[in-house]
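Please examine the backbone trace and the side-chain packing together while reading. The paragraphs below proceed from a sheet to a helix and then to individual residues.

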Amino acid sequence: MIQLEKVTKFYGERLIFSDVSFKIMDGEKIGIVGKNGAGKSTLIKVLIGAEEFDGGTISGLHKEDIGYAEQIPHFENSTLLAEMLSIGVEEFQAKKILFGLGFSEIELAKNPNEFSGGETAKIALAKSLLDEPRVLILDEPTNHLDIYAIDFLEDFLKNYRYTVIAVTHDRHFLQNCVDKIVDIENCKATVYNGNYEKFVQVKAERREYEIKAYEKQQEEIAKLEDFVRRNKVRASTARRARSRQIALDKMERLEKPPSTESVTVKLGDAAESANRVLILENVNFKNIIKNFSAEIRKGEKVGLIGRNGIGKSTLLKIIVGDLKKDSGTIRIGNRVKIGYLSQGHEELNENFTAIEELQNEFNLTNEKARSELARLDIFAQVAEKPISAMSGGEKTRVALAKLILTGANFLILDEPTNHLDLPAREAIENALRNFDGTILIVTHDRYLLDAVTSRVIEFEDKPAPVAVKEKISKSKPQKESVQKKSTPPEKTLQQIEKLEAQIKMAEMELKMIEHEINSAIEPAKLSELAAAHEAKLLEIDELYKIWAE
């Protein structure tokens with residue numbers, strides 16, 4: 001068991017957190033949440049011993065028991081596979097983890113120090129998983145991972161026999177992988193048992209109770225103070241007034257609950273557009289995209305998913321004109337106005353402040369620019385510093401403020417929730433869900449994908465150049481198009497229901513195979529399960545094709 005008792009941390013005179021107290025039982029999965037800057041990563045540094053703390057105690061946690069994925073790791077071996085094997089694990093186990101996180105057979109021979117920043121973070125994560133520490137501590141473990149690697153990580157951690165502590169803003173991860181959530185807010189830590197949805201519910205109930213208790217106490221204090229004021233100078237009532245004053249002096253005053261004001265993002269009403277908003281026919285670009293065809297209609301909210309590096313962001317840049325296709329046709333419908341949010345925020349001028357960016361783009365007054373930024377939690381000091389000096393989350397908020405002001409009726413979004421904390425993610429989700437225009441979104445935020453999109457287009461990595469397939473979201477059926485001419489006959493509806501039941505069963509069987517892969521210890525069994533996994537994927541694809549027809 002790990003126990004924190006009244007742990008306090010300062011940076012100079014600035015209090016980061018105080019009196020942090022909670023217990024972690026062996027084998028528990030803990031999520032640590034809070035707004036950006038609340039002190040989550042600082043708490044992790046304290047736990048791993050990278051930083052001292054200023055008060056309190058931490059017991060039951062020993063440095064040799066901790067596994068931690070470093071943010072900027074350095075590797076000693078000449079190949080990725082050798083780096084994994086250097087910690088004393090079996091080759092098939094190392095490959096299982098690396099393949100699950102999206103590395104290819106060819107990449108196993110690559111020098112681990114030559115990978116990109118995101119891939120390097122994945123290597124550090126793979127090493128921490130392979131080492132099987134008694135306490136696995138992870139800081140934003142799903143960052144840099146695509147949907148498939150995140151699914152693998154979730155299944156791995158759910159079956160992990162030891163303790164996991166993870167700082168994360170990934171709501172799907174919090175929903176499926178943790179037993180307990182530690183919420184850091186206003187320099188305090190509050191523990192909630194259960195997953196993300198339970199946390200949201202209980203936190204809201206707790207906040208309501210605290211507000212009522214505070215207001216009730218304030219009413220009582222006001223009555224007592226009024227009685228003392230009116231009666232302390234009158235001889236007949238002075239004794240009772242002193243009694244009330246003593247009660248006031250001894251009363252343990254409740255702190256006023258912090259403001260519950262949250263980020264609010266509201267997209268304007270979408271102007272009318274043509275029914276066929278975007279048509280792509282046989283689009284080709286270098287060796288990245290080949291013969292890509294798709295159509296998006298008015299009012300659709302479409303997700304675009306696929307493995308990292310497969311060409312999703314490239315396709316978006318081609319659609320908005322930032323890159324020129326090699327061949328094929330792209331048609332934008334009449335009266336369609338595109339609003340584009342890029343993953344790298346290339347639409348922002350890094351030499352400007354956030355205020356200047358909005359003023360120059362939309363001819364706003366200083367006061368109006370500040371007001372628009374404040375809606376997304378960009379206030380005085382941040383609004384006045386150069387965009388080049390901003391954090392990733394701050395840049396995303398400025399880009400979103402610009403997007404709102406465009407008045408676009410077709411939003412093309414590349415990872416809009418990257419670097420954002422939970423309140424901001426929830427605000428974006430609500431805004432997109434209530435938007436009455438058209439959306440094309442690339443995201444690894446599965447909670448957002450499930451909540452917003454009605455259809456998913458998935459890049460499929462073939463031995464030949466990249467192909468594409470289109471299918472319904474695994475988490476919810478595709479919505480029927482408003483252009484549909486007639487209702488299917490009863491027999492057809494029954495066939496659809498049967499197919500959906502078959503799809504659900506096949507996907508459950510796929511999950512069972514994946515769980516077996518995570519617990520496999522024999523190379524022969526691993527190969528057998530890998531073949532079964534591939535066959536089940538093909539079966540699911542065929543069922544989706546029949547469903548679509």
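The explanation begins with the basis of the model and then turns to its parts.

This is a predicted model, in which local features need pLDDT of at least 70 and side-chain atom pairs count only at pLDDT 80 or more, while totals for chains, interfaces and linings use all residues. Residues are numbered from 1 along each chain as its sequence is written, and side-chain values use heavy atoms, with hydrogens and water left out.

Helices (H or I, at least four residues) and strands (E, at least two) are DSSP runs, numbered from the N terminus. Two strands are taken to pair if DSSP finds at least two bridges between them. On this basis, six strands make up an open sheet with mixed pairing, in the order S5-S6-S7-S3-S8-S9. At its edges are strand S5 (66–68) and strand S9 (188–193), each of which pairs on one side only. From one strand to the next, the twist averages 20°; the axes behind such angles are lines fitted to C-alpha atoms, for helices over the stretch in contact, and the angles run from 0 to 180 degrees between N-to-C directions.

Strand S3 illustrates how the sheet is put together. Strand S3 (residues 29–33) pairs with strand S8 (residues 180–185) in the parallel sense over four bridges, and Val-182 in S8 is the bridge partner of Ile-32. Strand S7 (residues 163–167) also runs parallel to S3 and is joined to it by four bridges; here Ile-165 of S7 is the bridge partner of Ile-30.

In a regular strand the side chains alternate between the two faces of the sheet. In S3, Lys-29, Gly-31 and Val-33 point one way, whereas Ile-30 and Ile-32 point the other way, and all are buried. Buried means under 20% relative accessible area, exposed over 50%, and partly exposed in between (1.4 Å probe, protein chains only). Because five of the five residues of S3 are buried, the strand is largely enclosed by the rest of the structure.

The expected span of a helix is 1.5 Å times one less than its number of residues. For the 13 residues of helix H14 (residues 422–434) this gives 18 Å, which agrees with the 18 Å between its end C-alpha atoms. Asp-421 caps the N-terminal end of H14, with a side-chain oxygen 3.2 Å from the backbone nitrogen of Ala-424. Among the buried residues of H14 are Leu-422, Ala-424, Arg-425, Ala-427 and Ile-428.

Which backbone angles call for attention? Most residues other than glycine have a negative phi, and most peptide bonds are trans. Asn-291, although not a glycine, has a positive phi of about 50°. Asn-291 lies in strand S11 (residues 289–297) and, at 41% relative accessibility, counts as partly exposed. His-419 likewise has a positive phi, near 70°, and is found in the loop between strand S15 (410–414) and H14. With a relative accessible area of 45%, His-419 is partly exposed.

Asp-445 occupies the loop between strand S16 (438–442) and helix H15 (446–452), where it is buried with a relative accessible area of 5%. Leaving aside neighbours within four places in sequence, Asp-445 is in contact (heavy atoms within 4.5 Å) with Arg-171, Thr-417 and Arg-425.

Thr-120, in helix H4 (residues 117–130), is buried with a relative accessible area of 13%. A polar atom of the Thr-120 side chain lies 3.4 Å from the backbone oxygen of Phe-115. Beyond its neighbours within four places in sequence, Thr-120 is in contact with Pro-73, Phe-75, Pro-112 and Phe-115.

Finally, the cysteines may be considered. With a disulfide defined as a pair of cysteine sulfur atoms within 2.5 Å, the count comes to zero. Cys-177 is buried, with a relative accessible area of 5%, and Cys-187 counts as partly exposed at 23% relative accessibility.

Notes. A polar contact is a pair of N or O atoms within 3.5 Å; within protein, one must be able to donate a hydrogen and the other to accept it, and residues adjacent in sequence count only if both atoms are side-chain atoms.
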